[in-house]
Amino acid sequence: MTAATGAARRAAVTETPARFRDLLAAEWIKLWSLRSTRWTLPLVLLFVVGVSVNASLADHRNWPTYPEERREMFRLYGPVRDAFPEAGYLLLILASATVGALTVVGEYQSGLIRATFAAVPARRATVAAKAAVLAGVMLALGTVTAATSFWVSQAILADRGAGWSAGEPGVLRAVVASAVLVPVCSLVGMGLGALVRHAAGAVAAATSLLVLVPMAVDSDEHRWIAELYNALPLTAWLRLIEVHPDILNPDPYPATVTGAWLTFAAWSLASTLAAVAVVRRRDP
Amino acid sequence: MDRVIEMSALTRRYGRKTAVDDLTLTVRPGHVTGFLGPNGAGKSTTLRMIIGLTAPTSGTVTVDGVRFADRPRGLRHAGALLDAGDVHGGRGAVAHLSALARSNGIARGRVDEVLREVGLSAVGRRRIGGFSLGMRQRLGIAAALLGDPPVLLFDEPFNGLDPEGVRWVRDLFRRLAAEGRTVFVSSHLMSEMQNCADRLVVIGRGRLIAEQGLAEFAARSARAGVSVRTPDPARLAAVLAAEGADVRPSDTGTLVVTGLTAARIGDLALAHRVGLHELTTRTASLEEAFMALTADNVEYPAGEGTR
């Protein structure tokens, strides 16, 4: 090929300004072109909704055997537990964190990150686009999951006169919080992934932070421990889905609803900023 | 500045080890410039600094007059194949290239163009994880070409390629240079550069050893000579030495003569009635020149350090 046709060809690839939405589109392609994403997200949705349906059906089945005071207690605390059962939501938390961690770790461990940064030297913009696409997709997953598990479980319980509607005080908040929990955990996973840059390490760290530590902490003894405990994502979620306060085992240092929302926001923001900062600083 | 890679006192240290040491160098367009050095000489670190992946400890490097890390998008300014393994095995070739193209605002049609160019159109949908090293090299070259950039960097692009692939890559590099681009290709094997590069940069232990055209390089350190086989080496050696030639026996039983042409040696042998079985002018091999040049600068020499 001669220089002349080379120049002609160059004109075909026109110079375009650096647009953030191109980075969003690129991250979108990267996320959905992995088989693991296409399989994991629907399976997680099915599993979580399945656990919720199973719990609701169990209560529906056993309802005739419940004495009246148990039915009264159930009407206060039962529907939210069937809609957002711990077993399903712990898996949802871990799956979200893992997906988040892999968006960064997958690039570092494969070496793709070097091709990515050679193509887009603006590393902060790349990580911001990654966080935005991740948060958007995971919010969609969380919304579908939380809305479906709530709606199906309450439809089943309604047959026994025990179901809630989203219009009752505090109920919509529980659904929204369960949806938002998913992108929050995925961003925490992404931040840890950027810090650790190793899949097993990032997932272990996320599991500890999001699930194991909050389950191990005894928050009744010391105020400062209780406040740290209240600042964890899992605690924040548990507070936000609490429609009626627990009168049998009252918490001496309860979390507030506002504090819980702020906890969600702070973890998301801190994780994203940490990812942006370390990715820019370190040589890939 | 146009299309030029310019390094000025470029240095990169890792702890106490200096990978690239005070490298000042200009790589110009219109040539395939070979970047040679033994393993561990600092070639890859240099290329990574050019493309902005590694920050220099001191000194500067610019592409087209701009520090690469300062550009928001890179593919239209320089394309690089640094390591064919820098891909996610779970993706298909089309998805991999589409994401890269999209991040730089390059139209989707360009992906099919470069896949066709490197001969991977038929396997575009297959997962990269199943690609051979040679196919990954081709994919890496396709990614480097995406932005139709004026500057191209290739780190050991011949690894894993079959002979047909090697020839294709050489032709491609020469064509890219003929189109007026700057093509900078690293290798630790001189033989790979021989039919490809027209300029050479040699480094050892992070320092610049030589920078010149291929022919000058060959002439520089390897001595041309004449290989002579004769049934009476002692007598012929005496005759030639008397004419001022330097005569050394080689391990294959021939004499290696420098300082006289083959024609003159033949005439002298005839005049002194010494039989000749072979008379060959040896051209200086680039490999020899390279080995001689880098012998003192090998980072990991074999056979040393053992007790």
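Q: Which residues of α8(A) and α11(A) meet?
A: In this predicted model, A:R173, A:A174, A:A177, A:L181, A:V184, A:C185 and A:V188 of α8(A) meet A:P233, A:W237 and A:L240 of α11(A). The residues of this contact comprise nine nonpolar, no polar and one charged.

Q: What makes α8(A) roughly antiparallel to α11(A)?
A: The two axes come within 9 Å and cross at roughly 170 degrees. Angles over 145 degrees count as roughly antiparallel, and therefore α8(A) is roughly antiparallel to α11(A).

Q: How do you know that the span of helix α12 of chain A agrees with 1.5 Å a residue?
A: Helix α12 of chain A covers residues 257-281, which is 25 residues. The expected span is 1.5 Å times one less than the number of residues. The helix should therefore span 36 Å, and its end C-alpha atoms are 36 Å apart, which agrees.

Q: Which residues of α12(A) are called buried, and why is that word used?
A: A residue is called buried because 20 or more other C-beta atoms lie within 10 Å of its own. In α12(A), the residues that are buried are A:A260, A:T263, A:F264, A:W267, A:S268, A:S271, A:T272, A:A275, A:V276 and A:V279. The buried residues of α12(A) pack against α5, α7 (123-158), α8 (171-196) and α11 (233-240) of chain A. Of the 284 residues of chain A, 45% count as buried.

Q: How many helices and strands are there in chain A?
A: Chain A has twelve helices and zero strands.

Q: Why are β8 and β9 of chain B called paired strands?
A: Pairing requires at least two bridges between the strands. Six bridges join β8 (residues 199-204) of chain B to β9 (residues 207-213) of chain B, so the two strands pair. They run antiparallel, and the bridge partner of B:V202 is B:A210 in β9(B). The two strands form a hairpin with two residues between them, and B:R205 in the turn has a positive phi of about 50 degrees.

Q: Which parts of chain A supply the side that touches chain B?
A: In all, 34 residues of chain A are in contact with 41 residues of chain B. On the side of chain A, α1 (3-12), α2 (20-32), α3 (35-62), α5 (86-110) and α6 (112-119) each supply at least two residues. The residues on that side divide into 18 nonpolar, seven polar and nine charged.

Key:
Residues are numbered from 1 along each chain as its sequence is written. Chains are lettered from A and ligands numbered from 1 in the order in which they are written. This is a predicted model: local features need pLDDT of at least 70, side-chain atom pairs count only at pLDDT 80 or more; totals for chains, interfaces and linings use all residues. Two residues are in contact if their C-beta atoms, placed from the backbone, lie within 7 Å. Helices (H or I, at least four residues) and strands (E, at least two) are DSSP runs, numbered from the N terminus. Ala, Val, Leu, Ile, Met, Phe, Trp, Tyr, Cys and Pro count as nonpolar, Asp, Glu, Lys and Arg as charged, and the others, Gly among them, as polar. A residue is buried if 20 or more other C-beta atoms lie within 10 Å of its own, exposed if 12 or fewer, and partly exposed in between; C-beta atoms are placed from the backbone. Axes are lines fitted to C-alpha atoms, for helices over the stretch in contact, and angles run from 0 to 180 degrees between N-to-C directions. Angles under 35 degrees count as roughly parallel, over 145 as roughly antiparallel, 65 to 115 as roughly perpendicular and the rest as oblique.
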